[in-house]
Amino acid sequence: MATWVVAPGQALEGNAASFTALVTRLGCNSGVTGEVDPPRIEETDDVVTITFTVTPGPPEAADCPSNDAVPYEVELGSPLRGRLLVDGACETTEASTTTGCDPDGTRSPG
């Protein structure tokens, strides 16, 4: 499981149909996020929900410093055009109680 934020310095207005997400593994993994899997993207008229996972899974024993943020280029099915970006992990998993998730899981341009 992983959370993400919009990388700083991006304008996600109008016809923007891609952006860079900074993805971070949620669980302990000795400071390493690992390989980012392609996200699940769900789009409605008002919201784009993006859910990331990472592989491989956490090792049997790991230290718990913050894991690194891995850049990932997200390609949307259609332009953003004012729709909210939401981190799916913040809506539906134990990530919702972490400091990486806003109360509603929304993400805004950095």
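## A first look at exposure

A residue counts as exposed when its relative accessible area is over 50%, as buried when that area is under 20%, and as partly exposed in between. R81 has 56% relative accessibility, so R81 counts as exposed. R81 sits in the loop between β7 and β8. Its backbone is worth a glance too: the phi angle of R81 is near 45°, a positive value in a residue other than glycine.

## How confident is the model?

Please keep in mind that this is a predicted model. The average pLDDT of the protein chain is 83, and 80% of the residues score at least 70.

Strand β7 is part of an open sheet of 3 strands, which runs in the order β1-β2-β7 with antiparallel pairing. At the edges lie β1 (2-6) and β7, each of which pairs on one side only. On average, neighbouring strands of this sheet are turned by 40° against each other, direction ignored.

Let us look at one of these pairings. Strand β2 (residues 18-25) pairs with β7 in the antiparallel sense, over 6 bridges.

## Two salt bridges

How many salt bridges does the structure hold? There are 2 salt bridges. In one of them, the side chains of R40 and E42 meet at 3.0 Å, N to O. R40 has a relative accessibility of 47%, so R40 counts as partly exposed. E42, at 40%, counts as partly exposed as well.

The side chains of E43 and R83 also meet in a salt bridge, with 2.9 Å from N to O. Which parts of the chain does this pair tie together? E43 belongs to strand β4 (residues 40-43), and R83 to the loop between β7 (70-75) and β8 (84-87), so the pair links parts that are 40 residues apart in sequence. Are these two partners buried or exposed? E43 is partly exposed, because its relative accessibility is 30%. R83, by contrast, is buried, with a relative accessible area of 11%.

## Back to the loop

Note on methods. Residues are numbered from 1 along each chain as its sequence is written. Side-chain values use heavy atoms; hydrogens and water are left out. A salt bridge is a side-chain nitrogen of Lys or Arg within 4 Å of a carboxyl oxygen of Asp or Glu. Buried means under 20% relative accessible area, exposed over 50%, partly exposed in between (1.4 Å probe, protein chains only). Helices (H or I, at least four residues) and strands (E, at least two) are DSSP runs, numbered from the N terminus. pLDDT is the predictor's confidence in each residue, from 0 to 100. Two strands pair if DSSP finds at least two bridges between them. Axes are lines fitted to C-alpha atoms, for helices over the stretch in contact, and angles run from 0 to 180 degrees between N-to-C directions.
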